[in-house]
Amino acid sequence: MKILLAVAALSFSTLVLPSSTAFAQIEAPSVPLEESTVTIESANGSHQFDIEIADESDEISYGLMNRESLPPEAGMLFDFGNPREPAMYMKNTLIPLDMLFISPTGTVVMIARNAVPGSLRTISPGTPVKGVLEINGGRAAELGIEPGDTVRHAIFGNDAAE
């Protein structure tokens with residue numbers, strides 16, 4: 001009976017309790033991120049952002065963590081390579097962000113507006129996407145950026161300038 005209880009307790013802790021890796025500190029990428037620009041075409045015009053590109057697993061995991069500010073026309077573009085349904089969160093992120101979830105053709109499919117700094121709540125579009133553009137929280141609303149708008153960049157194959 002003691003063995004059965006021990007096995008049950010171990011099984012419960014494996015299923016319910018987070019693994020030690022969930023508490024591991026995520027390290028900043030060791031090399032500077034590639035820089036580029038994106039243009040978002042919305043109903044009220046084109047909006048250009050200077051971006052950093054996160055396309056390696058460590059870069060994607062770290063994202064905009066520990067940044068105390070972000071210029072108004074700046075952001076980070078997460079390039080997942082093959083489309084996938086991401087599960088984003090705001091752990092160790094100090095500023096509110098808008099997350100634009102972008103299809104493989106560059107169409108904004110969902111916007112998570114004003115994501116709360118430090119939140120561990122999972123943010124996902126519910127569908128596979130090619131990338132996510134993170135910009136300052138509230139900026140998408142200020143510029144009139146909405147789902148259906150187009151993000152132009154080489155990773156979406158819709159920007160000959162890149």
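Biologist: What makes the largest nonpolar core a core, and which residues have the most contacts inside it?

Modeller: A nonpolar core is a set of buried Ala, Val, Leu, Ile, Met, Phe, Trp, Tyr and Cys residues joined through side-chain atoms within 4.5 Å. Buried means under 20% relative accessible area, exposed means over 50%, and partly exposed lies in between (1.4 Å probe, protein chains only). The largest such set here has 20 residues. Phe78, Phe80, Met88, Met99, Phe101, Ile123 and Val132 have the most contacts inside it. Elements giving two or more residues are β3, β4 (97–102), β5 and β6 (129–136). β3 gives the largest share, four residues.

Biologist: What kind of model is this, and how are residues numbered?

Modeller: The model is predicted: local features need pLDDT of at least 70, side-chain atom pairs count only at pLDDT 80 or more, and totals for chains, interfaces and linings use all residues. Numbering runs from 1 along each chain as its sequence is written, and side-chain values use heavy atoms, with hydrogens and water left out.

Biologist: What does methionine 88 touch?

Modeller: Contact means heavy atoms within 4.5 Å. By that test methionine 88 touches Phe78, Phe80, Met99, Phe101, Arg121, Thr122, Ile123, Val132 and Glu134. Residues up to four places away in sequence are not counted. A second, separate core has 18 residues, including Leu100, Val108, Ile111 and Val151.

Biologist: Why is the pair of glutamate 41 and arginine 152 called a salt bridge?

Modeller: A salt bridge needs a side-chain nitrogen of Lys or Arg within 4 Å of a carboxyl oxygen of Asp or Glu. Here the closest N and O atoms are 2.8 Å apart, so the pair qualifies. The pair links distant parts of the chain, 111 residues apart: glutamate 41 is in strand β1 (34–42), arginine 152 in strand β7 (150–152). Helices (H or I, at least four residues) and strands (E, at least two) are DSSP runs, numbered from the N terminus.

Biologist: Why is glutamate 41 classed as it is for accessibility?

Modeller: Its value is 32%, so glutamate 41 counts as partly exposed. Arginine 152, at 28%, is partly exposed too.

Biologist: How many salt bridges are there in the whole structure?

Modeller: The search finds six. In another, arginine 113 meets glutamate 146 at 3.1 Å, N to O. Arginine 113 sits in strand β5 (108–115), and glutamate 146 in the loop between α3 (139–143) and β7, 33 residues apart.

Biologist: What makes arginine 139 and glutamate 142 a pair, and is arginine 139 buried or exposed?

Modeller: Their closest N and O atoms are 2.7 Å apart, so they form a salt bridge. Both lie in helix α3, three residues apart, about one turn. Arginine 139 has 12% relative accessibility, so it counts as buried. Glutamate 142 has 57%, so it counts as exposed. Glu73 joins Arg139 and Glu142 in a network of salt bridges.

Biologist: What lines the largest pocket?

Modeller: A pocket is an open set of points on a 1 Å grid over the protein atoms alone, where a 1.4 Å probe fits, with protein on both sides within 12 Å along at least five of seven lines; lining residues have an atom within 4 Å of a point. The largest pocket has a volume of about 280 Å³. Of its 20 lining residues, Ile60, Ser61, Ala87, Met88 and Tyr89 are closest to the centre. The largest share of the lining, four residues, comes from α2.

Methods: Points joined across faces, edges and corners; volume = space filled by probe spheres on them.
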